[in-house]
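Welcome! Here is a short tour of one protein chain, taken topic by topic. Please keep the sequence and the 3D view open as you read.

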Amino acid sequence: MSQPDTATLPDRLPGGRVARWLQIAALVLAVIGGLGTLFIMGIINADVIGRGAFGKPVPATAEIVSAMIVAVVFLQLPQATAAGRNVRADMLIGKLHARGGRSGPMLDFFHHLVGAIMLAILLRYIWPEIMGSIRGNETVGLYGIFTMPRWPFVTAVLIGCALTLVQYLLLTLGFAKAAFGNPTHD
């Protein structure tokens, strides 16, 4: 596994103690997401073994896995964002940061600002869906065979999305400080 390019992260994120608590929360969510990944692997293996060896698949495997995959992604997204591990093309940004100056931080500032805006829009539109899912007692699975409430999955998406938005905002502020702050640090 490759290490993140920490040279592109701001030296100090604004937020102090609050930022540290957010980092801990992001790490906890990432661990929960990792456990969710292990559960997904386990249920898929149990389904394959049950189907092949005993002719008895695990009921609603596809439905449970599809709900869990989305939750796992959003649980791990805040930590990936904070660690600089989001998917992006590093060729240009890496060269800009290597040259020094303000161009790298400016591009990172713009990138993270757009990310924050996109996550705010996403939160705006998923909030009513999630609240409707919780109030409507929606379920995941196969009716009459196996069902479970949908709210834990959609709540994980909401929490992960909100915490990722905060991470993006902190990174945006950090890159703004690097890009537009005191020029003696260049």
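**A first stop: Ser 133**

Leaving out residues up to four places away in sequence, Ser 133 touches Glu 138, Arg 150, Trp 151 and Val 154, where contact means heavy atoms within 4.5 Å. This is a predicted model, in which local features need pLDDT of at least 70 and side-chain atom pairs count only at pLDDT 80 or more, while totals for chains, interfaces and linings use all residues. Residues are numbered from 1 along each chain as its sequence is written, and side-chain values use heavy atoms, with hydrogens and water left out.

**More on Ser 133**

- Ser 133 sits in helix H4; helices (H or I, at least four residues) and strands (E, at least two) are DSSP runs, numbered from the N terminus.
- Ser 133 counts as buried because its relative accessibility is 1%; buried means under 20% relative accessible area, exposed over 50%, and partly exposed in between (1.4 Å probe, protein chains only).
- The side chains of Ser 133 and Arg 150 are joined by a polar contact of 3.4 Å. A polar contact is a pair of N or O atoms within 3.5 Å; within protein, one must be able to donate a hydrogen and the other to accept it, and residues adjacent in sequence count only if both atoms are side-chain atoms.

**The chain as a whole**

- The chain has 5 helices and 2 strands, and from the N terminus on its elements run α-α-α-α-β-β-α.
- Of its 186 residues, 34% count as buried.
- Among contacts between residues at least 6 apart in sequence, 76% join residues at least 24 apart.
- The accessible surface comes to about 11,400 Å², with 69% of it belonging to carbon and sulfur atoms; such areas come from the Shrake-Rupley method with a 1.4 Å probe, and for residues only the protein chains shown count as cover.

**Salt bridges**

- The structure holds 2 salt bridges, each a side-chain nitrogen of Lys or Arg within 4 Å of a carboxyl oxygen of Asp or Glu.
- Side chains of opposite charge can pair when their charged atoms come close.
- In another salt bridge, the side chains of Arg 51 and Asp 47 meet (3.2 Å, N to O). Arg 51 and Asp 47 are 4 residues apart in helix H1 (residues 16–54), so about one helical turn separates them.

**Nonpolar cores**

- The largest nonpolar core has 19 residues, of which Ile 40, Ile 64, Met 68, Phe 153 and Leu 163 touch the most other members. The elements giving two or more residues to this core are H1, helix H2 (61–82) and H5, and H2 provides the largest share, 7 residues.
- A nonpolar core is a set of buried Ala, Val, Leu, Ile, Met, Phe, Trp, Tyr and Cys residues joined through side-chain atoms within 4.5 Å.
- Setting aside neighbours within four places in sequence, Ile 40 is in contact with Val 65, Met 68, Ile 69 and Val 72.
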